[in-house]
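Hello,

Here is the structure you asked for. Have a look first, then read my notes below.

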There are 2 protein chains.
Amino acid sequence: YRQCAIHSGIKVRTVKKKLEHKWEPKSEESTSCINENTKMIVLNYPNNPTGKVLPKKLLDEIVEIAKKHDLFILSDEIYSNYSNDEWKSILSYNYQKSIITQSFSKSHSMTGYRIGYVVSSQDVINKLTRLQALCLTNVSEPIQYTAMKSLNDDVDDNVKTIDERLTRLQEICKEMDLEFVNPDGAMYIFARTKNPINTSELCERLLEEGLAIAPGIGFGDYNEFFRISACQDIKTLNEGMDILKTKIKD
Amino acid sequence: YRQCAIHSGIKVRTVKKKLEHKWEPKSEESTSCINENTKMIVLNYPNNPTGKVLPKKLLDEIVEIAKKHDLFILSDEIYSNYSNDEWKSILSYNYQKSIITQSFSKSHSMTGYRIGYVVSSQDVINKLTRLQALCLTNVSEPIQYTAMKSLNDDVDDNVKTIDERLTRLQEICKEMDLEFVNPDGAMYIFARTKNPINTSELCERLLEEGLAIAPGIGFGDYNEFFRISACQDIKTLNEGMDILKTKIKD
C-alpha cells in the first residue's frame, strides 16, 4: 500500500509499532499522524507480518477517529480466516467510508491465481471499476470461474492445517530463544534474535542453503526481524528451521 | 492508451485520420503534434478500428521523426497476425527507444485470458516490472502456463477463419452501400452510412435486438462510424447484418 500510494504521489505516514508493546499501535499515535490533508487510514489486521489482531476497544477508537475526521478506512482483511476470536471486521461498523479488501490467496490457498474482491460503497466501487478498466480490463475469465466455484468450498481444513504448522513453528522458535509475540491470526511468525543481526544479509545467505524467509526491511523499519512462514508441511518446517539454527550461530 | 495517459496526468495529442485519406496519417501532421515536452509516439497498426496498415515509406518517416526528437515509440501490434504483406513491425527498425506490445488475445483467440507481453530495452522492462509489481504482482500463474503452452500452437487456422468471415462481411457491407476502406489487417470493418447517423443511439437500439456493434465514439471523434466485428461464424454474421439493415432503414 505504501509503495502504491507513493507511486501515485500520495504522502504516507506510518505508525511504527514495537514488539515490546505487543505490536499494538496507540490511538494517540494514529491521531498525531492526521492533518487537514489526510484522506484515509489504512489498516491491515490480522497483520502481515506480525500476526497481530487489534483489541476491540482500540479498533473502536480508530473507527471513531476516522468518523471525526471524515476519513476513508481501507482495511486489508486478507488473513481474517486465520484469526482468533478477538478479530472483528471493519465491515461490522457499517461506516459509509469503509473499503474492505479480501482475497482468495490465503483463505482458499489460491495465491498464484491473483484474485480478490473489495467491499465498499457504490461510489467507491464505481471509481475502482473505472481504474480496473484502465489497468486490467478485467480479471482473466477462467480465473473468475475458478474463484466462483471455490466459493462453495469448505476452507476449515486449510485453517486447521496452518494452525498445526504454526504451533510447531512457535515451539521451535521458543527452543531457539527467538523473540516474538504469539500471532493472533497468521501463517507466519515475525521474530528477532536476542542479539540483533542484519537479517537482509542473513536471508541472502539462507537462500543459498535452500531456505527462504523474509527480511524485516520488506515490511518497513524492522531490520532486525525476519518473517518465517508456516505454509510448508511440518517435516519441511523442521528441516528449514535446522538450517536457520546453524546459520544464526555462524 | 489515451485514457491511461490522461489518468496519469499526461497530455495527449491525437492525429485525426479520415476515411477520405484511406485512414492514412500524414507525417507532417505527426510532426506538428510534437513540442519540446513530447516523450512518446503511440502507434497502433494494424489499426483498431480501421484495419489500416501504414505504407512502409510512411512508417520509415515516423521512425525518423522519433529518432530526430529522441522519442519513445510505443507500438501496439496486437493485430499483426491478421495483416497483409505490407505490415512491418517497429521491432525491425532496431530502434533503442521502441516499446512493442503484443498479446495472446487476437493471435491465439485468448481475449478472456488477459495475457500479453512487451518487447523493449532492458531499462524499460525494468521500469514496467516495478509498475507491474505494484498493480498486479504478476499475471495469474495458471494463465501464464496456458499461454506458454499455446506458444506451440499453429494459429494459421485462426487467421484463415477470420479472413473468410471478413470477406463475407465486406460483401454484405458493399451490398448495403456502407462507406469503408477494405481493412489491411483486422477482424472488423469500420464503416459509416452514406447519410451520417448518430451511431451511439443506433448501437443502443441494436443491443435490444441482440446485435452488438461498437459506436465510433469509442475510438475518438468518429461519431458517424461503427465497427462491425467478423469474429462470429458466417451464419451468425448474416443474421446480425440482417438486423443492422432493418434498423438502419428505420
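How many salt bridges are there between chain B and chain A? The count is zero. A salt bridge here is a side-chain nitrogen of Lys or Arg within 4 Å of a carboxyl oxygen of Asp or Glu.

Some ground rules. This is a predicted model, where local features need pLDDT of at least 70, side-chain atom pairs count only at pLDDT 80 or more, and totals for chains, interfaces and linings use all residues. Residues are numbered from 1 along each chain as written, chains are lettered from A and ligands numbered from 1 in the order written, and side-chain values use heavy atoms, without hydrogens and water.

Now the interface. Chain B gives 16 residues to the contact and chain A gives 16 residues; contact means heavy atoms within 4.5 Å. About 1300 Å² is buried between the two chains, and carbon and sulfur atoms give 68% of that area. Buried area is the accessible area (1.4 Å probe) that two parts lose on being put together, summed over both.

Chain A has eight helices and seven strands. Helices (H or I, at least four residues) and strands (E, at least two) are DSSP runs, numbered from the N terminus. The C-alpha trace of chain A spans about 55 × 45 × 35 Å along its principal axes. Of its 250 residues, 42% count as buried, meaning under 20% relative accessible area (1.4 Å probe, protein chains only). Take contacts in chain A between residues at least 6 apart in sequence: 67% join residues at least 24 apart.

Best wishes

Methods: Buried means under 20% relative accessible area, exposed over 50%, partly exposed in between (1.4 Å probe, protein chains only).
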